Amino acid sequence: GFLFARKPTDNKSIFSEEKKMKKIVSLLLSVVLVLGLFTACGNNAETDTSLDTPRDTDEVYKVAIVQLVDNSAFTEMREAFINRMRALGYDEAKMTFDIKNAQGDQSALNTICEGLKTADYDLVVPIVTPATIAVVNQELSCPTVFISVTDPVSSGILTTMEAPDKNATGTSNIVPVDQIFTLAKTLTPSVKNIGILYCSGEQNAVQTAEKAKAYLSANGFTYQEVIVTNSGEVQQAAQSLAADVDAIYIPIDSTVQTAMAQVVEAANAKKIPVYGSDPVMVQSGALACVSVSNTQLGEKSAEMADEILRGKKVSEVPAVAMEEFQYVIGKAAADTLGVTIPSGDNYTVIG
């Protein structure tokens, strides 16, 4: 037979091998943990609701932007919305925008909105009240995120701001009539009788005019109102009003806003100020306004749209009433009327 000789046990060698095995096991566990973390991160990315990247980077979204008319205010809102969506990660390859403008024709607006029912949009974005009402009335299957609706509840667009229904939510531009007329007292303290000019076909204008009349009646002013049905009537209405009042006030009103130059011309002829509800009106010659930033309205609506595209239900994204107001004064109008512009950081002077 064969005789096997056994090598004496080397304790140091055994300990060395054990250490090696422990290192290998530790290394393997580390690898497993790292892989687990990567997997977890991947799962979180699918449900992450941060405003950094689109919810589904492989999907291409098609958005319709609807407006009754085009003006500088609406352009600012629209571009702010688009730019914010781009900043949120929806570049040209991930999101397209189809801008639909009714050119001031309510019948054309209704036709545009009827066409949305058979279109394949992922999102509809109406700008201000008339367009939003027309869109919501169609009961679209895709979500609606509106920009700058004066009073969504009174307009029938929502039942409550906190829990939007009718598949629509968005931003509201509260018009601070109290602050507008407080500013009017500061700039033109002799003004007592206010002329209110607005379009009866725009619910946002009607609502703001009612707020203005209530405030004026309760605070020692008097007022006269003239109502128009289209922009072609604005010049004559402004001339008639300017002859009888100390100042003219224009509520949120896209119809009158398109003819602001004619309102300002009539007011200047009588040396009376025009107060507005949007910075664009000041750019067009009004003396001053107090309003929410159009850019902020567009940007906030974009952030709300992003939440919905990431998977939130429309009813889970409350409508937002923007209340960060800006005081805008037109230098050219102030110079024309001999009005002294107050000093301070509260005022933005343009022109």
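Which backbone nitrogen lies 3.3 Å from a polar atom of the side chain of threonine 169? Keep that in mind, and we will come back to it.

Hello everyone. What we have here is a predicted model, where local features need pLDDT of at least 70, side-chain atom pairs count only at pLDDT 80 or more, and totals for chains, interfaces and linings use all residues. Residues are numbered from 1 along each chain as its sequence is written, and side-chain values use heavy atoms, with hydrogens and water left out.

Let's start with the whole protein. It has 12 helices and 13 strands; these are DSSP runs numbered from the N terminus, with at least four residues (H or I) for a helix and at least two (E) for a strand. Of its 351 residues, 45% are buried, where buried means under 20% relative accessible area with a 1.4 Å probe, counting protein chains only.

Now the inside. In soluble globular proteins, nonpolar side chains tend to be buried together. Here the largest nonpolar core holds 31 residues. By nonpolar core I mean buried Ala, Val, Leu, Ile, Met, Phe, Trp, Tyr and Cys residues joined through side-chain atoms within 4.5 Å. Strand E1, helix H2, strand E2, strand E3 and helix H11 each supply at least two residues of this core. A second, separate core has 28 residues, including Val175 and Ala334.

Phe81 is one of the residues with the most contacts inside the largest core, a contact being heavy atoms within 4.5 Å. Leaving aside residues up to four places away in sequence, Phe81 touches Ile65, Phe97 and Leu123, among others.

Phe81 is also one of the buried residues of H2. At the start of that helix, a side-chain oxygen of asparagine 71 comes to within 3.0 Å of the backbone nitrogen of alanine 73. Just after H2, glycine 89 has a positive phi of about 110 degrees.

Threonine 169 sits in strand E5, residues 168-173. Is threonine 169 buried or exposed? It counts as buried because its relative accessible area is 0%. The nitrogen we were looking for belongs to alanine 319. The side chain of threonine 169 also reaches the backbone oxygen of valine 317 at 2.7 Å. Among the residues that threonine 169 touches, beyond four places in sequence, are Phe146, Met304 and Pro318.

One more threonine before I stop: threonine 129, in helix H4, is buried too, at 1% relative accessibility. Its contacts include Ser148 and Gln203.

Note on methods: Buried < 20%, exposed > 50% of the residue type's maximum accessible area, 1.4 Å probe, protein only. Polar contact = N/O pair within 3.5 Å; in protein donor to acceptor, adjacent residues only side chain to side chain.
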